[in-house]
Amino acid sequence: MIGDALTRKASRREALRLGVAGTALGVAGLLVAPAGPAAAQVRGPESVQVAEIYELQAAFHRAKTAQDIALMMSLWDPAATLAYRGDPNSPYIGFARLRAFWLSSGSFTHRRFSLVPSFKTEIRVHGEEAYLYFECHDIGDYDQPSRYIAHDSFLAGTLRKRGGAWVFWNMTAGIAAPLSADHYYFP
């Protein structure tokens, strides 16, 4: 079992290394690309920070889909806060409460595939902190013909750098309904 954990950790480490390398190539391509759709992207030193935040978001959805609580918790600051709208047990503060929240969430109690409408993601970097908004649309029975939308939610709030990596810090979550291409559910 320990060998499996080490293999998974090495695999995540390798995936992150490859992701960073790919991001660097993508950022370089944006910096030399002609004006057009890419012109709307962030350029300069902030673009690296934005790319790292996209990797944080991708790891979040990977953790939910794979039901990988170790990966999920690695994405949160030890003193993080998660306020979940409409949840009487909210806010969840600190690792123990956050871990309990995630383990009892639909993503960890049911097999789901977590999808993101990338065009609705908002990222604003301010030095060592950043604002992030994204939505999660979870598909139940995703590998079956009976697949269905199991849950729609958002996560938004403040990220911060910890040990050189972006982590979730002061976040708010809630239901993203009705499903909309134009409506944002936070603030």
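Alanine 83 stands opposite threonine 172 in E7. The partner strands here are E1 (residues 76-84) and E7 (residues 165-175), which pair in the parallel sense over five bridges. Two strands pair if DSSP finds at least two bridges between them.

This is a predicted model: local features need pLDDT of at least 70, side-chain atom pairs count only at pLDDT 80 or more, and totals for chains, interfaces and linings use all residues. Residues are numbered from 1 along each chain as its sequence is written, and side-chain values use heavy atoms, with hydrogens and water left out.

**Strand pairing**

E7 also pairs with strand E6 (residues 148-162), in the antiparallel sense over 10 bridges. Arginine 160 stands opposite valine 167 in E7. The hairpin of E6 and E7 has two residues between the strands. In that hairpin, glycine 163 takes a positive phi near 60°.

| Strand pair | Sense | Bridges |
|---|---|---|
| E1 (residues 76-84) and E7 (residues 165-175) | parallel | five bridges |
| E6 (residues 148-162) and E7 | antiparallel | 10 bridges |

**The chain as a whole**

The chain has five helices and seven strands. Helices (H or I, at least four residues) and strands (E, at least two) are DSSP runs, numbered from the N terminus. Along the sequence the pattern reads α-α-α-β-β-α-α-β-β-β-β-β.

Of the 187 residues, 38% are buried. Buried means under 20% relative accessible area, exposed over 50%, and partly exposed in between (1.4 Å probe, protein chains only). The chain exposes about 10,400 Å², and carbon and sulfur atoms supply 61% of it. That area comes from the Shrake-Rupley method with a 1.4 Å probe; for residues, only the protein chains shown count as cover.

Contacts (heavy atoms within 4.5 Å) come next. Among those in the chain with a separation of 6 or more, 56% join residues 24 or more positions apart.

**Helix H4**

Which residues of H4 (residues 94-104) are buried? They are Gly94, Leu98, Phe101 and Trp102. These four lie on the same side of H4, because they cover an arc of only 95° around the axis. The arc is that of the directions from the helix axis to the C-beta atoms. The face turned away from the buried side carries exposed Ala96 and Ser104.

**Lysine 120**

Lysine 120 sits in the loop between strand E3 (112-115) and strand E4 (122-126). Buried or exposed? Lysine 120 counts as buried, because its relative accessibility is 1%. Its side chain and that of glutamate 135 are joined by a polar contact of 2.5 Å. A polar contact is a pair of N or O atoms within 3.5 Å; within protein, one must be able to donate a hydrogen and the other to accept it, and residues adjacent in sequence count only if both atoms are side-chain atoms. Not counting residues up to four places away in sequence, lysine 120 touches Tyr133, Glu135, Ser180, Ala181, His183, Tyr184 and Tyr185.
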